[in-house]
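Subject: Structure for your review

Dear colleague,

My notes on it come after the sequence and model.

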Amino acid sequence: MSDHRIERRNLLKVFCGGAAAVCGGVVGCGAAGDMVTEEELVQLPAVVDGRIRLELAEFPMLQAVGGGLVGEAPGMAEPLAIARDGESTFFVTRAVCTHMTCTLRFNQLTASLMCPCHGSSFEFDGKVISGPATKDLSRMNVDFDGQTLRILL
Ligand code: FES
């Protein structure tokens, strides 16, 4: 391992391990400091009547603008990415890469969803930033009343 790589890993540990405000609890920064890990998906509430209801108080990673997660909900075949883009603005997309279906990771440092398989990246609203993926992620409608985020499937 080169000195450069060690420095990079240590820097990431500072961001991911020491500064909860930067990266705490967010999928994409693992306990070992890697940007892309096989970390478990966040467990989301089950789908009821075609909706997922999230009480924001139960998801600290969504309480600050710029935060987000990748999670799975009972009743959903695919994981979802949820990102907070403003005080009352959230983006929810399918967290499945449109290239070859790998599960995406939320990356707060680059404000993007990243694919660990071949490097595609997406804006939080699902638009492709870089390939090989060429197709945007599908986006869900959401409703937020200041405490509860409802995802309409
Ligand atoms: S599966 Fe995501 S870039 Fe290939």
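The notes below go from the chain as a whole to its strands, its salt bridges and its cysteines.

This is a predicted model, in which local features need pLDDT of at least 70 and side-chain atom pairs count only at pLDDT 80 or more, while totals for chains, interfaces and linings use all residues. Residues are numbered from 1 along each chain as its sequence is written, and side-chain values use heavy atoms, with hydrogens and water left out.

Overall composition

The protein chain contains two helices and 11 strands; these are DSSP runs numbered from the N terminus, with helices being H or I of at least four residues and strands being E of at least two. Read from the N terminus, the order of elements is α-α-β-β-β-β-β-β-β-β-β-β-β. Of the 153 residues, 41% count as buried, where buried means under 20% relative accessible area, exposed means over 50%, and partly exposed lies in between (1.4 Å probe, protein chains only). The chain exposes about 8,000 Å², of which carbon and sulfur atoms supply 51%; accessible areas come from the Shrake-Rupley method with a 1.4 Å probe, and for residues only the protein chains shown count as cover. Among contacts between residues at least 6 apart in sequence, 44% join residues at least 24 apart, a contact being heavy atoms within 4.5 Å.

Strands and sheet

Strand E2 (residues 51–55) has alternating side chains. E2 runs antiparallel to strand E11 (residues 148–152), and five bridges join the two; strands are taken to pair if DSSP finds at least two bridges between them. Within this pairing, Glu-55 stands opposite Thr-148 in E11.

An open sheet is formed by four strands in the order E6-E7-E8-E9, with antiparallel pairing. Strand E6 (105–107) and strand E9 (128–130) are at the edges and have a single partner strand each, so one side of each is left without a neighbour in the sheet. Strand E7 (residues 112–114) pairs with strand E8 (residues 121–122) in the antiparallel sense over two bridges, and Leu-113 stands opposite Phe-122 in E8.

Asn-107 belongs to strand E6. Asn-107 counts as buried because its relative accessibility is 4%. Its side chain reaches the backbone nitrogen of Leu-109 at 3.0 Å. This is a polar contact, namely a pair of N or O atoms within 3.5 Å; within protein, one must be able to donate a hydrogen and the other to accept it, and residues adjacent in sequence count only if both atoms are side-chain atoms.

Salt bridges

Side chains of opposite charge can pair when their charged atoms come close. The count comes to six salt bridges, each defined as a side-chain nitrogen of Lys or Arg within 4 Å of a carboxyl oxygen of Asp or Glu. Which residues take part in them? Among them are the following pairs.

- Arg-84 and Glu-87 meet at 3.8 Å, N to O; Arg-84 is buried at 6% relative accessibility, whereas Glu-87 is exposed at 60%.
- Lys-127 and Asp-125 have their closest N and O atoms 3.0 Å apart; Lys-127 is partly exposed at 44%, and Asp-125 is buried at 18%.
- Arg-150 and Asp-143 meet at 3.5 Å, N to O; Asp-143 is partly exposed at 38%.

Asp-143 and Arg-150 also belong, with Asp-145, to a network of salt bridges.

Cysteines

The count comes to one disulfide, a disulfide being a pair of cysteine sulfur atoms within 2.5 Å. Cys-102 is joined to Cys-117, with an S to S distance of 1.8 Å. The pair links distant parts of the chain, 15 residues apart: Cys-102 lies in the loop between strand E5 (89–94) and E6, and Cys-117 in the loop between E7 and E8. The link is left-handed, with -95 degrees about the S-S bond. Cys-102 is buried at 17% relative accessibility, while Cys-117 is partly exposed at 37%. Two further cysteines are Cys-97, buried at 3%, and Cys-115, buried at 7%.

With kind regards
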